[in-house]
Amino acid sequence: MSAFEGLALGFGHALTLGNLGWALLGCFLGTAVGVLPGIGPALTIALLLPITFQVEATGAFILFCGIFYGAMYGGSTTSILLNTPGESGSIITALEGAKMARNGRAGPALATAAIGSFVAGTIGTLGISFLGPVVVDFALKLGPAEYFSLMVLCFVTVSAVLGGSALRGLTSLAFGLLLGLVGIDLQTGQPRMTFGIPELLDGVNVVLVAVALFAVGETLYLAWRHHEGAAVVRPVGSILMSRSDWKRSWKPWLRGSFLGFPFGVMPAGGTEMPTMLSYYAERRLVAPEHAAEFGTTGAIEGVAGPEAANNAAAAGILVPMLTLGLPTSATAAIMLSAFQSYGINPGPLLFEQQSALVWTLIASLYVANIMLVVLNLPLVGLWARILKVPQPQLYAGILVFATIGTYGISNSVVDLVLLYGIGVVAMFMRRFDFPTAPVVIGMILGPMAEQAMRQALTISQGDWTTFVTRPGSAVLLVVAVAALVGPRVWGAWRGRAA
Amino acid sequence: MHELARADLKVGGFVLALGGLALWQATAIPVSPLYGQVGPKAVPYGVAAVLLALGAGLVAQALRGGWSHTLEEVQDAPPTNWRALALLGAGLLANIALIGPLGFSLAASVQFVLVAAAFGSRRLGRDAVLALVLTLAVWFGFVMLLGVNIGAGLLEGGILRLLGQELP
């Protein structure tokens, strides 16, 4: 099915009242959790996973994607008004955005972030619509050996390339792989890593791990470092952008979008790198008369570019998720487990077997983008008020949701003990700078990689060289090794040259 | 050895121990009677080996001075707030102890009040009222709307009886 036919089909389904309702609910919830410090889209979607037993797949995924997109919009509000970025992608936005807010220009900063997000989200969604089918055609040619190598590449890029240290990133990944191994081996029925505890035979629940990492660990860490004193929420003021604001914003929006999307599509799906690159690009390309605003009073280019890059990268993450079944962010990994709970396998066959679902989802992304810009600009005062929820009640409330999300899995106190245990580990991971996303990705992608590996070895009759003798697989493994050791070799070489 | 490097060393030791635990559990996997090219043990052994290697790497890094001293957040961090951690820990333990006998809403409310106190709230009465309203709303929302199966505790059961409904 071509992109145009697909979109025609998708919009037909997306514009029904029910699906519009799911999109609106998702956008609203997503913006709210994006604004609130301490909760993000991964945690929210994890808590809402039980909805997959109640609602048909299309509605649930429209809701989840609305949350995913909405959280990107909401995150910028927190960065600008509170100067505390809620997620890694909006750290850069806080640099210039918070300075603009301090100088009474919070309104235009929020407006350029929202409109930039809209531009980037639309470009990103166009990218999904037209790139998706192309990637699918390519992916259909992959056998289990290539799939395994692709997953290895994905493991390396999400854990070793992004973040502060390859060693710590890989450790997080290995921890996730270990959690994914717990339970009954699907192919032979043998219990693994269960310590003889019957509750562990079903495996460790992904909701439990997500809640432990993102809610319990974070709250424990904040209590550890807690000191009295409230943060200052800057007033919003007028959100109207002046003629000069528009003139200075539109190019950064476009540049940020085209920079961010490819980063999201590559298995190195991260939002830190494109937002940072966009920030440096804008700083260099800014008109000389505004150059002094960077780092002092806050330059609007430094909000417009990175915010667009952030949203375009987030949209790009959906391409490998939908076409290859490869999640490259924690949120995408949780969405993948939602697909699994419907018995749907994301991957190239998704576009063929579930074409109505996929295209409705993509069409809903366009709808969600329009809803979000409408929700965000006029309602910015409401979102700013959410920021004033006092910290004690906010974190106490987050733990209430954490409890019900976990206890609801099987009404078992063992789950709560496990939740708090992993939460303590997550607290130390935060202190010692171990990234948490590779844990979730390893946990969900690990079993799939093992299955692909064993299938490939069954086909090759136990010959391990199949991974390097099949050309596609070999190329992917070479890229993975290069991504792992390349930066170090490059650094050593530069160190010697300097 | 610097204090921060010593903390890093403990982390490396923890990862090594985790690898050891994984190795022990991998050897405990029964050999499958089913024929397969790769049995259920291969990947667990691989993950255990990777964890041991990474743990060794972290230990080596810690012995060379560690990485904590390079983290900005650690340098600017305020001292450990034992009071907040203790209250938060008490809240989590209370939840574990009470959720069985009392049910979700009461246990989570006790937790809510303790956690809010951990983060500096001083109006315990108001927090308690807020907690009961929130936990009941969450319980009814998750049970009725999302269809999550959480048994009714004392409070939920009482309210359902008042409404004249059967216990789920």
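How many residues does the contact take from chain A and from chain B? The contact takes 53 residues from chain A and 59 residues from chain B; two residues are in contact if their C-beta atoms, placed from the backbone, lie within 7 Å.

This is a predicted model: local features need pLDDT of at least 70, side-chain atom pairs count only at pLDDT 80 or more, and totals for chains, interfaces and linings use all residues. Residues are numbered from 1 along each chain as its sequence is written, while chains are lettered from A in the order in which they are written.

On the side of chain A that touches chain B, α17(A) gives the largest share, 13 residues. Helices are DSSP runs (H or I, at least four residues), and strands are E runs of at least two, numbered from the N terminus.

Chain A holds 21 helices and two strands. Its C-alpha trace spans about 65 × 60 × 50 Å along the principal axes. Buried residues make up 62% of its 498 residues; buried means that 20 or more other C-beta atoms, placed from the backbone, lie within 10 Å of a residue's own.

Chain B is divided into domain 1 (3-75) and domain 2 (82-162), with bounds from an automatic or database domain assignment. Their C-alpha centres lie 37 Å apart.

How values were computed: Buried ≥ 20, exposed ≤ 12 C-beta atoms within 10 Å, placed from the backbone.
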